Structures are given as C-alpha cells and as structure tokens.
2 protein chains.
Amino acid sequence: MTDDYPNTQSIDANDPSLTSWVESANTPGIDFPIQNLPFGVFLRNDDNANKPAVGVAIGDSILDCSACWNAGLFSNTPCEDSNIFARGSCNRLAALGRARVREIRDRVSWLLRSDTDAIKGNEALRERGIVSMSNATMLMPFAIGDYTDFYASANHATNVGKMFRPDGDPLLPNYKHLPVGYHGRASSIVVSGTGIKRPHGQLKADDAPPTFGPCRLLDHELEIGCFIASGNELGSRIDVNDAPGHIFGIVLVNDWSARDIQKWEYVPLGPFNAKNFGTTISPWVVTLDALAPYRKPLPARADGDPAPLPYLSPDAGSESEAMGLEINLEVTIESAKMREEGIAPMRISHSSGMDLYWTFAQMIAHHTSTGCNMRAGDMLASGTVSGVNEDQRGCMLELTWRGQNPVKLPTGEERKFLADGDRLTITGHCEREGAVRIGFGECSGVVLPAE
Amino acid sequence: MTDDYPNTQSIDANDPSLTSWVESANTPGIDFPIQNLPFGVFLRNDDNANKPAVGVAIGDSILDCSACWNAGLFSNTPCEDSNIFARGSCNRLAALGRARVREIRDRVSWLLRSDTDAIKGNEALRERGIVSMSNATMLMPFAIGDYTDFYASANHATNVGKMFRPDGDPLLPNYKHLPVGYHGRASSIVVSGTGIKRPHGQLKADDAPPTFGPCRLLDHELEIGCFIASGNELGSRIDVNDAPGHIFGIVLVNDWSARDIQKWEYVPLGPFNAKNFGTTISPWVVTLDALAPYRKPLPARADGDPAPLPYLSPDAGSESEAMGLEINLEVTIESAKMREEGIAPMRISHSSGMDLYWTFAQMIAHHTSTGCNMRAGDMLASGTVSGVNEDQRGCMLELTWRGQNPVKLPTGEERKFLADGDRLTITGHCEREGAVRIGFGECSGVVLPAE
C-alpha cells in the first residue's frame, strides 16, 4: 500500500544515487540518512552573532537551510520569495502546507545526494551550509500555539483503570468511541536536554489534610507527538481523510507527570498542575513522507469493539487509514550513580507506535469536529504508549504498578518513581527488511531537585 | 485600604483636572471615563492601508497610541525606544511589566486631561490620534499563548455538583483547598462580535450508542478573565503576594459550552471538545490600577472551611489580599425574533466578581507553584461566576436547572439552552459612592447554525 505514496521511491536503499556526499549519512543504522531529512531549529555554537535557523539533519551534521536559501539554492521552490529558514521556528515553513513542504524537502534531498555538486562542489558553501551537530545547540522546532494530549493507547488506559478503579470496567464507556484528550500547557514544552525541575504541589495522604511540598511520585510518559502543518479556520472541520495532509511530522514526547499532585487535583476537570511543569520533545521533526514505508493501518479492532463513527472512519485504502506508525520506541534510565560509575543507561520499557487505538488522523478529525481551529505548529501528543506486555509499559506508574514492583537498577538502586538526577531518555526508530532505517534522535531530560 | 494603592487618587471624580478634553468621556455613567483607560487593539475602518494598533478607550473614542508615539508623545516613558503600539497585540506592552505599564498609562492619562494641550491643541494630531469607536473594528487585544480556565465560583461548582452528583457532597474534597482549573484552547478565543457556530460532536443518550451531530445543549458561561503582564521563568514560582504585579488587566469572558458533548467526553480527563469551539472576550483590558477603588478582600470563608495553605495565603493588608473584584456582571439574551420585533435584550442573570472563592492572585500562585511558566498575554479565566440566588446563575445549565425551568422570553419563546440566532451579551461595571464608574464594554456573540 505504501508504494502508492509520493516519495516512497526515495526510500529504496538499493538505488545508488540515494546516498549522500555527507559521508556520515551513509553509515548503516544511523538515525538520519538521506531518506529521513527531518527539520529542526539550531544555533551554531561557534558564532555568537548567529541567529537560530531551520536546518535538516543529515548524518552527524545539519544542513543550514538558511545559508542555502541565501545562496539561491531554493529558487523554484515554494519558499523562493522569502527566507523562511532564517527564523527561530519551523512555523512559517509548516504553514506552507504539507504538499509544499514536500517540494522543499525534495530540493533538500537533491542538494544532499552524492551526485549533486551544488553544495558539495563549493568549498565556501560547504563550510557555511553544513554544521556538525557537535557544534550546534538544538532549539524548540516550533513556537507551539496549542498543545493537546490524548490518551490513545488502550493498553495504558486499561492499566490505569485497573489501578484506580479496580471495581469497575478498566476502560470508561467513551474510550472506544472517541479519542479522549485534554488541552495541555504549551509554555512549558522544552527541547531534549533541558533539565526538569521536580515540581511542588498539593499532596494529600488519605485521612490527612493536604500539604504543599515537592512531588514525591514523579513519572515519565513515553509518547509520540504530531506537529500540524497547515491548519483550518475556526468553524470548519478537517475531514479524517484529509487529516494526513495537515500533518508536518512526528517527534518523541516525554509528558512528565506528578502522580501525587494528579491524584488530588484531577477530579472533576482533569490533569492540570500534574502536567504543566515540563514536557520534553525531541528536536528533529520526522515528516510523514519519510515515514511512508512504515505506515500501515492499525491492527483491526477486537470483536465486540464498536466501529468508529463515520467522521472517525477513513476510507478503505486511503492514506488516512495507513496512519498506524511502526515506530519502535524505547525508554532508558540512568541514575546519577550509574553516571558516576560509568554504567550505561538501562532500558526499562519498549513499545511501538502501533500500540495505539487511535491514529493522529482520527485525533485531528475529532479535535476539529467542533470547528476548533488548528494552527501551523500546534502539537498533538498520543498519550502514554504502552504495549500489552509488562516490559512494554510507558510510565513508572504502570511499570512498577504504583510502586509495588520497583525497577531494579544495575547499581542496586531501586525506583518506584523517578529520583533526582535520573536521566530519562526516549528513542525511536523505524526499521524493516527492504527499507532504510529512519531514526528520531532522542528525547532526554534529567530530573533536577526541587527548589 | 484601597487608598494606599498607586493611582487611586486619579479616581477622585471631584478633582476638576480629572476630566478629559474628549468630551464624551465626561458623560456620567459612561464605561470609559479618563479614570478607566483600558488598552485594546483596533483597526480603522476608513483606511485600507492601516495596520492594527494598540489604543486606549476614552469616552466613545479611541486614543491611537501608535500615532501618539510617532508624534513623540511617549518620550521619557518606558516605551520611548520602540513603538510597541504599532502592533496587532498588547503583548509587547504587557511584557514591560505592570509598573512600567502604569507609567505609560499615566502618560496617556496626562495626554487626555482637559488641562493638557499636547494633542488637544494640535488639530492634525487630534485628527490622527483620536478615532471614533464607530469608525474602528476591535481586534483581539492579545496573542494568547496559553489559556487556563478555573472553576473559582463555589456557588457554580455547588450547583453543578447537585445536578450531576445528587447523592454526594456537591463540592468535591479538593475544592476548598486549591483553585481547580484546566488548560483551555487558546486558538479559538475570539473578540466580542464574532459569531459562534454551533459545534458538532459526539452525543450520547442513555442506553443508546453515541451519534455525531450538532450540539443540542449549547450554553454560555459568564466569566471574567485576567491577562498576564510579565511572566516567570520555567521552574520558578510567582508568590501569591507578588501575583498582582504580574497582572495586566481584566476582561469579560463567555466560555461557550456544549453540555451534551461535555457529558459524554469529560471523564476522566476533563472538558475538551465541549469547550474548544469558541470563547469570547471583551476587547478592552481594564487595568488593575483602574480597578483600585473596587478591590477588596473576598468575603471571609465560612466557619468550617479550611484556611488556604500558606502558598495561597496573601499577607494581611497586602495588595494581593485585596484581589476580590467588585465588578457587577450582567448577562442579556436577545433572540432572533426579539431582534426582528425590536424588543430589547432581556437580562437573564447578574452576579459579581466578589462571588468567587479564589482570587486571580491565588490562581496565579497555584498555577505557577509547579514551576509552570506564564508569558505576557496568557489568559486565566475565573470559571462561571454565579451568585447565591437563582437569578444570579451564570449559565443556562444552572439558570434552567438542566432545562427543567426554561427561561421565558418576552416574545413567548422559551429557552432551556441557547437557540440559533440568540445573541448573548455580558456586560460589567464597577460603581459606588465616591468613585467614578468604570465599565468593561461588552462581550457579545450570536449563535450561528451548525453547518
């Protein structure tokens, strides 16, 4: 099915023209081969006067799209009139819409091919246009207008339901009829590498009045996020079949959560302070086009599950139906002691983008079904992605089953929830026979002590 | 107590210098006397090439601050280096912080005084600097980064609790310990006068599968909102005593709500699509300084109510303690038939800013207690403001008690919830002996049919 998508041919690893003159991009197993080309925003470390710019990851380097634009390399593309890369966000780029972004990405692909001399053959341009990742700081890829977090993994929702409502159905009646979600906090979304300070909040033990102090049950949530390209006008809807055309790309997300704050505050209006102290995303936004070989329909619903209502049902064989994302996700933890002792981070969980019950296309269709408007750069996150097995649970709450089964670290330390100094890292990649591996980089953050 | 606040003296109606050469501002009972001076963003209707600018309401006119800046009238103020008024939002102005905004407002006050000739005595400048409201279109005052909606009226929360949880305590256990709130949708906040299209959504009758269609139980919510001036860094907190220094001003808010969508979707993560199709605000942001004579502590908590935790307790006698706002609020309805028949809008509800259980200072302290960062232009809304009496309920859900007691219109029509063509208008004003009346203008919108 994916063979029908535009650009799919550019994923064929056997085409000798599909290697890059940026040699590191041709290393097998690297996250950013020429078939990936994710967009991000970076700042050169070696140039104090430099301003942030939009770049594309290639191997261990970054193509400075702004420098390329200034050299005339984006003529005859949808951005030829304005250097939309000389900016601190991808918002202007995304607002062009997915089809135009694809044209621009095609140009980037051409510029980086082994058999294209435009940059390769120009030493000054090569110097200016290619920046080593080790010599750059990644910034937030978007100025995020609105952030919405969903709850789209039925495995996760079932586990949480079992823990918190042991006497009822683990899934609430609405769960399989609509993608449950809530509005999140956009201001506190940060890029990978930013420390996350343990929040204060109201905590309440049973049979005692609430107190105010540092969160004791700090958790991560393994998620994936989707950035909107072109949006819709207030009062209009995005049809589920059109939704993929409104998606710019995908990132990894850690939706840090304060479980003790959450427990006391969240009824009746949902999670609030438990979630607004920090959300980490990976810096490189991987386009849907790069993911083409790794997109297919989600697994069929179980017998007895309701069919989605028509507004949530993509046409058979449509691009929107193939919005299950075969992304292999992993979470590692590294305690301060592990770091001191030189012990490698330990994998504590792995799951897949296929472990969702709803696709981003369905989430967008549902979200805009009221006429709610999306804007370029808005972010939708999946909610915790948990698989069915015990080692596939996407947060400490589930992994340790509310702390009953602590995670044992190689140092002998135990974790029921996260401790100060812990580094949590989410990685993701797509890989299968006959296609090039596509990686997401990492989404990482260290827990800083409360102040 | 309010006599100690800066600028309070400018509220003295008996000072003959405190009238304006803009004659309409001296009309008794007008919303925008020289003691008010709210900020907003407008577009001249008579000038196609004109760009939006920040203005100040004065009588039935607008002072074009950008034109005044260009004429050098803001020299020796905190904005002398840059025309922060030549913009489509007040964000840059607000980011200067409340103290600097006060200096700028003082200059505006001086420019508009009867005894100041700077504009009055310059015909060209008067022509350019004063725009009739009838010749301008008001735009959104801020580019809102994040919007948070609270639930701060205990009367409202109690009524909702009685309707939806008749067998339990109407207020949930956390209600009197923390200001309950949730993150809202910023993209769909619109300025007064914008039509609100009836949303579609999933609706579920008891014992039937959900269906998708137009909302049948459309409601308004009478609220007030607070715009942030200077914010705080991620990981830091705003002390409750410092919170008033972070507030730019107050507007009226109608948080339109789809009750049938809400009922089916809202457990467990809170209201989502029920709220994101439109939120209307009044265009003029009334500063805390203009409200000084109308600020006092909220009524003492009832015996048996818990004392707020220290982080939510302002110092006695502090400005933060005096964050109860004596704003008289009113809601009117005008059906399409009333409009056709020339029947005046009918008042259906009235309440007061004093009918809240939590102040905006406490909401800000709680919201940032986790380290969540606020940015200039963020909006916090109070939640539905309901008084104790039946005619003081701030939404149709409460007013009609879930439709059991319909509102009777002068045409003979009845309303359980809102019908297409209904215009809902919220107004607000402050008034008492010995102080000048301060008005908020209006927050109005017509319900448009679903499409």
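The model is predicted, so local features need pLDDT of at least 70 and side-chain atom pairs pLDDT 80 or more, while totals for chains, interfaces and linings use all residues. Residues are numbered from 1 along each chain, chains are lettered from A in the order in which they are written, and side-chain values use heavy atoms, without hydrogens and water.

Over all chains, the structure holds 20 aromatic pairs, that is, rings of Phe, Tyr and Trp (its six-membered ring) with centres within 6.5 Å; planes under 30 degrees apart count as stacked, over 60 as edge-to-face and the rest as tilted. One of them joins A:Tyr151 and A:Tyr175 edge-to-face, at 6.1 Å centre to centre and 70° between the planes. A:Tyr151 belongs to the loop between β6 and α5 of chain A, and A:Tyr175 to the loop between α5 and β7, 24 residues apart. A:Tyr151 is also buried, at 12% relative accessibility.

In chain B, the rings of B:Phe39 and B:Phe248 form a tilted pair because their planes stand at 50°, with centres 5.7 Å apart. B:Phe39 is in strand β1 and B:Phe248 in strand β14, so the pair ties together parts 209 residues apart in sequence. B:Phe39 is buried at 0% relative accessibility, and B:Phe248 is buried at 3%. In chain A, A:Phe39, A:Phe142, A:Phe227 and A:Phe248 make up one aromatic cluster.

Notes. Helices (H or I, at least four residues) and strands (E, at least two) are DSSP runs, numbered from the N terminus. Buried means under 20% relative accessible area, exposed over 50%, partly exposed in between (1.4 Å probe, protein chains only).
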